[in-house]
Structure formats: structure tokens, C-alpha cells
Amino acid sequence: MNTGKWARLAIVLLGAGALAGCSFATADDVFAEEQVSSDALPQVESVVLEDLDPESARYLGEAEGSQFWAARNADGEFCVLTKVVEGGPNEMMSGCSPGDGDTLTISMSGGPSASWSAVENPTVPDGSTLLRGHLLVSPR
């Protein structure tokens, strides 16, 4: 009997059991919702907006003095856009990732950081905010 094979199988099964209580979702779940007027991207001049598909934009919410949207870019990548609304200039930035964005984290200098989670409703550390069940926004 190959004990190495059984040990690997046990590790895989233990990992699957640990994740059994989690609900996974994809970025497409956010985009599947019908777009409403509040999903519209900001009407400001910014190079950040040039490559984003406005028809894919979905507003995620506001936290830590910034607003957040999810959108697809021209290459079909998943992007998160942030716009500062409090305590400073109307700064914007975005970060994009191929696939579902489950490794995407963006942050502005001196501003909050935001990480997309493929796990719906992940654990939220003290002082952080969860937007639309997937975007974890943390103060700097």
C-alpha cells in the first residue's frame, strides 16, 4: 500500500472539510445583478476610467472616506476602483486582476486598503468594513 498517496488524500479531505462552511462566489455573481443608476462610474476626468467598461460597473459601497466599484476592463479582467470622497482631493485609482480577483488588493497612499475575497462574507477584522459581501476595506 502506498501510504504517501493516502496521506495526501487525507490532507485534501481535511482541507475540504475546513472549507465546507464557507460560501464561495465569483466576481461574475456581482456582475450578474442588473445594473442600476447608482452603479454608474464617477463622472470625472481620470485616466483610471479610460480602460473600464462602464456597462459592467457595480457600486460596492463606501467605507473609510472612499467609494468603491467593481468593473471589467477592456481585457475582461476584474477591477476594483476607488474614489476618495472625504478629506482630500478627488483622487481615484484602480487595480485589476485576471479571473475573479480573489488575490486583488489595492490601496492609496495614506488611504484605506481594499481586498476582494472569493469567499462570500469572510471574517472581518476589528475596524474593517465588508462591502457587498466580498470587498474587505481596512484603514491604514
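Which residues of β10 lie on one side and which on the other, and are they buried or exposed? Leu-135 and Val-137 sit on one side of β10, Leu-136 and Ser-138 sit on the other, and all are buried. Here, buried means under 20% relative accessible area, exposed means over 50%, and partly exposed is in between (1.4 Å probe, protein chains only).

**View 1. The whole chain, a predicted model with two helices and 10 strands.** Helices (H or I, at least four residues) and strands (E, at least two) are DSSP runs, numbered from the N terminus. From that end, the elements follow the order α-β-α-β-β-β-β-β-β-β-β-β. Of the 140 residues, 39% count as buried. Taking contacts between residues at least 6 apart in sequence, 39% join residues at least 24 apart; contact means heavy atoms within 4.5 Å. As this is a predicted model, local features need pLDDT of at least 70 and side-chain atom pairs count only at pLDDT 80 or more, while totals for chains, interfaces and linings use all residues. Residues are numbered from 1 along each chain as its sequence is written, and side-chain values use heavy atoms, with hydrogens and water left out.

**View 2. Strand β3 and its two partners, β2 and β4.** β3 covers residues 66–72, and seven of its seven residues are buried. Ser-66, Phe-68, Ala-70 and Arg-72 point one way, while Gln-67, Trp-69 and Ala-71 point the other way. Two strands pair if DSSP finds at least two bridges between them. Look for Ala-71 opposite Cys-79 in β4. The hairpin of β2 and β3 has two residues between the strands, and Glu-64 takes a positive phi near 55° there. The hairpin of β3 and β4 has five residues between the strands, with Gly-76 in the turn at a positive phi of about 80°.

**View 3. Tyr-59 and Trp-69, an aromatic pair between β2 and β3.** Trp-69 is the bridge partner of Tyr-59, and the two residues are 10 apart in the chain. Rings of Phe, Tyr and Trp (its six-membered ring) pair if their centres lie within 6.5 Å; planes under 30 degrees apart count as stacked, over 60 as edge-to-face and the rest as tilted. In this pair the centres are 5.3 Å apart and the planes are at 65°, so the arrangement is edge-to-face. Trp-69 is buried, with a relative accessible area of 5%. The structure holds three aromatic pairs, and ring pairs also link Phe-31, Phe-78 and Trp-116 into a cluster.

**View 4. The largest nonpolar core, with 16 residues.** A nonpolar core is a set of buried Ala, Val, Leu, Ile, Met, Phe, Trp, Tyr and Cys residues joined through side-chain atoms within 4.5 Å. Those with the most contacts inside this core are Leu-60, Phe-68, Phe-78, Val-80, Trp-116 and Leu-135. At least two residues each come from α2 (27–32), β2, β3, β4, β7 (113–116) and β10 (135–138), and α2 gives the most, with three. Another core, of 10 residues, lies apart from this one and includes Leu-49, Leu-52, Cys-79 and Leu-81. In soluble globular proteins, nonpolar side chains tend to be buried together.

**View 5. The largest cavity, with about 50 Å³ of space.** A search of the whole structure finds one cavity of 30 Å³ or more. On a 1 Å grid over the protein atoms alone, a cavity is a set of points where a 1.4 Å probe fits but cannot get out, and lining residues have an atom within 4 Å of a point. Its volume is the space filled by probe spheres set on the points. The lining includes Ser-66, Phe-68, Thr-82, Met-93 and Ile-106. β3 and β6 (105–107) are the elements that give two or more residues to this lining.

**View 6. Strand β10 with β7 and β9.** β7 and β10 pair in the antiparallel sense over four bridges, with Ser-113 opposite Ser-138. β9 (residues 129–131) and β10 pair in the antiparallel sense over three bridges, with Leu-131 opposite Leu-135. The hairpin of β9 and β10 has three residues between the strands, and Arg-132 in the turn has a positive phi of about 50°.

Key:
On a 1 Å grid over the protein atoms alone, a cavity is a set of points where a 1.4 Å probe fits but cannot get out, and a pocket is an open set with protein on both sides within 12 Å along at least five of seven lines; lining residues have an atom within 4 Å of a point.
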